[in-house]
Amino acid sequence: MYQINAKLSRDISTVISQSTCVDNIIIMSGGDREMEKIKRALGYISMAIMILVLLYVKYAYERGLELWPVKTNLQHDEVKVERKIKIPEGETMEFIQPAFLIGISHSSTETPEDAIEDLEEGNYGHEWYEEVKLNEDGTLSMTVTGKQLEHWISTREDALNKRIEDNKDKGMEIRINKDFTKVTYTLKKGCEKSSLEWLIDAQVIMGCLFEIQSFTGIAPEDCHVREVVKRESDGVVIIDAVSPGANYEVTDAQWYGEEKIE
């Protein structure tokens with residue numbers, strides 16, 4: 001009888017022990033699932049935080065552009081010329097510029113020979129070019145090294161940027177397209193620049209654009225610049241002409257909209 005009870009007791013203990021192990025396995029399995037859910041939730045939360053951070057960075061950047069408009073405008077308006085031509089060190093290259101480039105960069109009282117003389121005087125002691133000569137067809141040939149080419153292009157960039165900034169203060173916006181073949185002048189309300197003042201600046205700008213085209217490999221006969229002058233207030237286009245060959249006259253009355261342009 002005692003043996004039967006002992007055996008029964010052992011059997012009951014075994015059943016209880018096995019039942020406990022099963023419960024533990026079930027509990028552990030349920031715990032793993034809960035842990036997996038927590039990990040997945042944390043992953044979603046991390047992703048959401050990252051998206052929010054990126055959105056904030058984007059907002060901060062755009063807000064920064066609004067808070068520092070001067071710096072932004074300088075970045076967007078700055079003229080940069082892509083150097084399409086590279087001159088190996090120790091070598092030179094000859095560039096032929098359009099004949100009309102000599103005319104627009106000097107006063108009408110000067111001859112092409114005078115222009116050559118001016119260039120030679122300016123080159124003395126600076127060595128901005130190796131050789132310059134006037135061709136029979138009226139074009140100008142200039143031989144330069146790579147360093148000298150960089151000088152010519154950078155000075156033209158500086159001249160353009162200076163006029164863009166100076167005219168912005170006077171109520172005129174100047175935009176130049178990427179291939180330097182079009183310049184657009186927009187007269188803002190209350191523009192304080194007369195047509196004559198603009199014409200003086202425009203001559204320099206045109207000369208720079210033509211010269212940049214020459215120095216980036218454009219054939220002299222293909223160099224051209226389209227000039228567009230318009231008023232922002234009424235959208236009237238005062239001038240729309242392509243040089244070389246353009247011929248126009250604008251009075252101050254037409255410039256400021258006091259007289260219609262026929």
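The model is predicted; local features need pLDDT of at least 70, side-chain atom pairs count only at pLDDT 80 or more, and totals for chains, interfaces and linings use all residues. Residues are numbered from 1 along each chain as its sequence is written, and side-chain values use heavy atoms, with hydrogens and water left out.

The secondary structure comprises seven helices and seven strands. These are DSSP runs numbered from the N terminus, with helices (H or I) of at least four residues and strands (E) of at least two. From the N terminus, the order is α-α-β-α-α-β-β-α-β-β-α-β-β-α. The protein has 262 residues, of which 29% are buried. Buried means under 20% relative accessible area, exposed means over 50%, and partly exposed lies in between (1.4 Å probe, protein chains only). The accessible surface is about 17800 Å², and carbon and sulfur atoms hold 57% of that area. Accessible areas come from the Shrake-Rupley method with a 1.4 Å probe; for residues, only the protein chains shown count as cover. Contact means heavy atoms within 4.5 Å. Among contacts between residues at least 6 apart in sequence, 56% join residues at least 24 apart.

The largest nonpolar core has 43 residues. Such a core is a set of buried Ala, Val, Leu, Ile, Met, Phe, Trp, Tyr and Cys residues joined through side-chain atoms within 4.5 Å. Val144, Met172, Tyr185, Trp198 and Val229 have the most contacts inside this core. Helix H6 (residues 195-215) gives the most to the core, with nine residues. Trp198 touches Met172, Tyr185, Lys193, Glu227, Val229, Ile239, Tyr248 and Trp255, not counting residues up to four places away in sequence.

Helix H5 spans residues 146-169. At 1.5 Å a residue, its 24 residues should span 34 Å, and the end C-alpha atoms are 35 Å apart, which agrees. The expected span is 1.5 Å times one less than the number of residues. Buried residues of H5 include Gln148, Leu149, Trp152, Ile153, Arg156 and Glu157. Ala159, Leu160, Asn161, Arg163, Ile164 and Asn167 of H5 are also buried. Just after H5, Gly171 takes a positive phi of about 95°.

Strand S3 (residues 140-145) is mostly covered, with five of its six residues buried. S3 pairs with strand S1 (residues 92-97) in the antiparallel sense over six bridges. Two strands pair if DSSP finds at least two bridges between them. Ile96 stands opposite Ser141 in S3. Strand S2 (residues 131-134) also pairs with S3 in the antiparallel sense, over four bridges. Here Val132 stands opposite Met142. The hairpin of S2 and S3 has five residues between the strands, and Gly138 takes a positive phi near 90°.

Arg231 lies in strand S6 (residues 225-231). Arg231 is buried, with a relative accessible area of 10%. Its side chain makes a polar contact with the side chain of Asp234 (3.1 Å). A polar contact is a pair of N or O atoms within 3.5 Å; within protein, one must be able to donate a hydrogen and the other to accept it, and residues adjacent in sequence count only if both atoms are side-chain atoms. Leaving aside neighbours within four places in sequence, Arg231 is in contact with Leu187, Val236, Ile238, Gln254, Trp255, Tyr256 and Gly257.

Ala241 lies in strand S7 (residues 237-243). Ala241 is buried, with a relative accessible area of 12%. The C-alpha atoms of Ala241 and Val225 are separated by 8.4 Å.
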